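I opened this model to look up helix packing and aromatic contacts. My entries are below.

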Amino acid sequence: MSDVLVTGATGFIGSHLVPKLLEAGHHVRVLSRSPGKLPDQWRDRVQIAQGDATDDGDVSSALEGVDVLYYLLHSMDGRGDFVARDRTLAQRFAKLAKQAGVGRIVYLSGLHPEGELSPHLASRVEVGDILLGSGVPAAVLQAGVVLGAGSASFDMLRHLTERLPAMVAPKWLDNHIQPIAIDDVVHFLVRASELPPEVNRTFDIGGPDVLTYRDMMSRYAELAGLLPRTIVTVPVLTPGLASHWVGLVTPIDSGLARPLVGSLLHDAVRSEFDVEGVLGEPDGGVAGFDEATRAALADIDPKLWSRTLGTVAAAVIGTAVAGGFFTDPGSRWYRSLRKPPIQPPPAVFGPVWSLLYGLITVSSAATIADTREQGHEDEAEQFERALAANLALNAAWSGVFFRGHALVPAAVTAGLLALSSADLTRRAARSGPGKAAALGVYTAWCTFATVLSTAIAI
């Protein structure tokens, strides 16, 4: 058995790969800046090389005595220099692996067509070329969407499907994709360590199904027991705009969503078909989309979003109804008040509050569902309590102002509502900037309402 080094061991692929390498009898070393983040299940069974992948000394020490390097590093963080960073990182590992006498490099890249590619896919291809040209025998496995709970590409697929029963989507949702189950990806990665030294090439890997993204969403909905989804494609939604939308309605950060969305601009299907003959098929053969999705659903609650949205929507609707019951802008008392110049026309309030209630509902439900799904139950419950207090203040203001005719208490209530809204925005920011931005609009309006109420009171 081999001595192997796994980089990116805490990522989705790495966390599935390490246990299988151990099971196969390999001696596994992992390079990690934060060993405390390694899973408890195998932390005591691996050798930990604590260090930074951007430090030559740390990398050289981690590579000492290694037969096989699993290179699972990439910079999908939304920063504009990710192409240069990935290039530099790959060049460092290629050079130092050669110096250390490493026998093989194994890298997971992406399926892609010939021709011009998105920046993300082009970078993945460039990294593969750097490793293939390193002088160390390399196996570059190229995969499309990886199906499994925790895969960023699969999570984007499932969250969009779960959360949007109807959507307007880019036309490239009809491009073709050949997805593959996580267990099959790991099988090929493990077997790649056994390749003879003369093998230095790419291998396309994929499941038996070639589908469009639209097909995958429809099939996921059916397998998850959701109602059929309606998808209308348009030619004008850019990857940038789409990534911000993904960041708002899913747990996927827009910085990560952008390269994922950009990859969908291209067909991602196999053009090499010999990997099973070279590396051997997984037990039972390569899984299809339905089989892989059913396996992923064992670790997923696909109804969490709909339950959460229903609860939050009921609370927000109740607030809107209560506020509407108390509000009486046509009363003689209200018409007699001296309004400041910043007072908007009465026709503005209805559309603005309809928009705000929609933003509150979607962003709060997303925050609660995402936080709960990540295992932070206490944090989710704290947000729910903060939201309940906010909605109570929201409804109370109308009663204090329109029914109580209490101008100073109404201004104080508006101020408390603005502070509460800012707190909700702060809490939502932990789940992503899109959700915080939506609640930030609500906070801004409540702050304006505080200024307006204060001006009327004085």
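These notes go from the basis of the model to helices, then to rings.

**Basis.** I am working with a predicted model: local features need pLDDT of at least 70, side-chain atom pairs count only at pLDDT 80 or more, and totals for chains, interfaces and linings use all residues. Residues are numbered from 1 along each chain as its sequence is written, and side-chain values use heavy atoms, with hydrogens and water left out.

**Helix α1.** I took helices (H or I, at least four residues) and strands (E, at least two) as DSSP runs, numbered from the N terminus. Helix α1 covers residues 12-23. Which of its residues are buried? I list F12, I13, G14, L17, V18, L21 and L22. Buried means under 20% relative accessible area, exposed over 50%, partly exposed in between (1.4 Å probe, protein chains only). An α-helix has 3.6 residues a turn, so residues three or four places apart point the same way. Just after α1, I noted a positive phi of about 95° at G25.

**α6 on α8.** I checked helix α6 (residues 152-163) against helix α8 (residues 213-223). Their axes come within 9 Å and cross at roughly 65°. Axes are lines fitted to C-alpha atoms, for helices over the stretch in contact; angles run from 0 to 180 degrees between N-to-C directions. So α6 is roughly perpendicular to α8. Angles under 35 degrees count as roughly parallel, over 145 as roughly antiparallel, 65 to 115 as roughly perpendicular and the rest as oblique. Residues of α6 that meet α8 include F154, L157 and T161. On the α8 side I found Y213, M216, M217, Y220 and A221. Contact means heavy atoms within 4.5 Å.

**α8 on α12.** The axes of α8 and helix α12 (residues 289-297) come within 10 Å and cross at roughly 50°. That makes α8 oblique to α12. M216, R219, Y220 and L223 of α8 touch F289, D290, T293, R294 and L297 of α12.

**Rings.** How many aromatic pairs does the structure hold? I read 14. Rings of Phe, Tyr and Trp (its six-membered ring) pair if their centres lie within 6.5 Å; planes under 30 degrees apart are stacked, over 60 edge-to-face, the rest tilted. Y71 and Y107 form a tilted pair, 5.9 Å centre to centre with 50° between the planes. Y71 lies in strand β4 (residues 68-71) and Y107 in strand β5 (residues 104-110), so the pair ties together parts 36 residues apart in sequence. Both Y71 and Y107 are buried. I also logged one aromatic cluster of W333, Y334, W397, F401 and F402.
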